[in-house]
Amino acid sequence: MSVEHDYFGIVDSTSSGGLYWDDTLEVGDQFVELVLSAEDEDLVSQNSLDLAAAMAQGLEAFDGLAREALVAQLSERQSATTTFIDRQVDSKGEDLQTLLDLMVDNSGDIAIDVLKSLQLLRVVIHPEHTEGDDPFATFDYAIDPDESDELLVVSFGADGDVIDVEDVTE
């Protein structure tokens with residue numbers, strides 16, 4: 001059975017009893033895949049869909065919060081963010097110019113420049129996760145999505161706070 005919502009329209013049911021909806025939105029100057037996905041339709045309330053819609057409508061602001069969380073991790077040597085940046089720099093080896101060519105800014109602070117150059121590729125909202133430790137939404141970032149499957153994934157709780165940052169290779 002499908003669910004209808006003012007923002008999402010018809011949200012289709014999956015064969016396994018969940019919900020799925022997707023679209024591509026323009027966020028700033030980039031296009032971002034937005035996915036609404038729930039494993040169990042019965043756990044999704046109208047209120048949780050309203051929270052999901054509010055997040056979808058405020059993607060630029062949440063993108064800003066996610067990037068602030070990434071910058072905050074730069075002071076932690078073993079954080080997901082510093083590990084990701086170190087790997088990007090190390091993988092270019094002698095050809096650091098390739099990485100510099102991907103940068104939107106070249107201020108001389110390579111860590112900040114990498115973070116500024118991250119592309120927001122996909123946002124997945126899980127409307128059944130309004131309580132507990134599971135992420136309500138994940139924001140997937142990449143520096144060079146055409147050449148690498150490495151992501152920085154920022155997770156938000158239903159309250160809009162960043163709850164986790166992961167360094168992921170798909």
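**Ground rules.** I am working with a predicted model, where local features need pLDDT of at least 70, side-chain atom pairs count only at pLDDT 80 or more, and totals for chains, interfaces and linings use all residues. I number residues from 1 along each chain as its sequence is written, and side-chain values use heavy atoms, with hydrogens and water left out.

**Entry 1: helix H1.** I looked up H1 at residues 46-57. Helices here are DSSP runs of H or I with at least four residues, strands are runs of E with at least two, and both are numbered from the N terminus. H1 has 12 residues and reaches 16 Å from its first C-alpha to its last. That is close to the 16 Å expected at 1.5 Å a residue; the expected span is 1.5 Å times one less than the number of residues.

Next I asked which residues of H1 are buried. They are Ser48, Leu49, Ala52, Ala53, Met55 and Ala56. Buried means under 20% relative accessible area, exposed over 50%, and partly exposed in between, with a 1.4 Å probe and protein chains only. Seen down the axis, the buried residues of H1 fall within an arc of 160°, so they line one face. The arc is taken from the directions from the helix axis to the C-beta atoms. The face turned away from the buried side carries exposed Asn47 and Gln57.

**Entry 2: Asp63.** I found Asp63 in helix H2, residues 59-72. Is Asp63 buried or exposed? Asp63 is buried, at a relative accessible area of 11%. Leaving out residues up to four places away in sequence, Asp63 touches Leu120, Phe139 and Tyr141. Contact means heavy atoms within 4.5 Å.

**Entry 3: aromatic pairs.** Rings of Phe, Tyr and Trp (its six-membered ring) pair if their centres lie within 6.5 Å; planes under 30 degrees apart count as stacked, over 60 as edge-to-face and the rest as tilted. By this rule I get 5 aromatic pairs. The rings of Phe8 and Trp21 have centres 4.8 Å apart and planes at 75°, so this pair is edge-to-face. Phe8 lies in the loop between strands E1 (3-5) and E2 (9-13), and Trp21 in strand E3 (residues 19-27), so the pair ties together parts 13 residues apart in sequence. Phe8 is buried at 5% relative accessibility, and Trp21 is buried at 12%.

I then turned to Phe62 and Phe156, an edge-to-face pair at 5.4 Å centre to centre, with 90° between the planes. Phe62 is in helix H2 and Phe156 in strand E7 (residues 150-156), 94 residues apart. Phe156 is buried at 0% relative accessibility. Last, I noted that ring pairs link Tyr7, Phe8 and Trp21 into a cluster.
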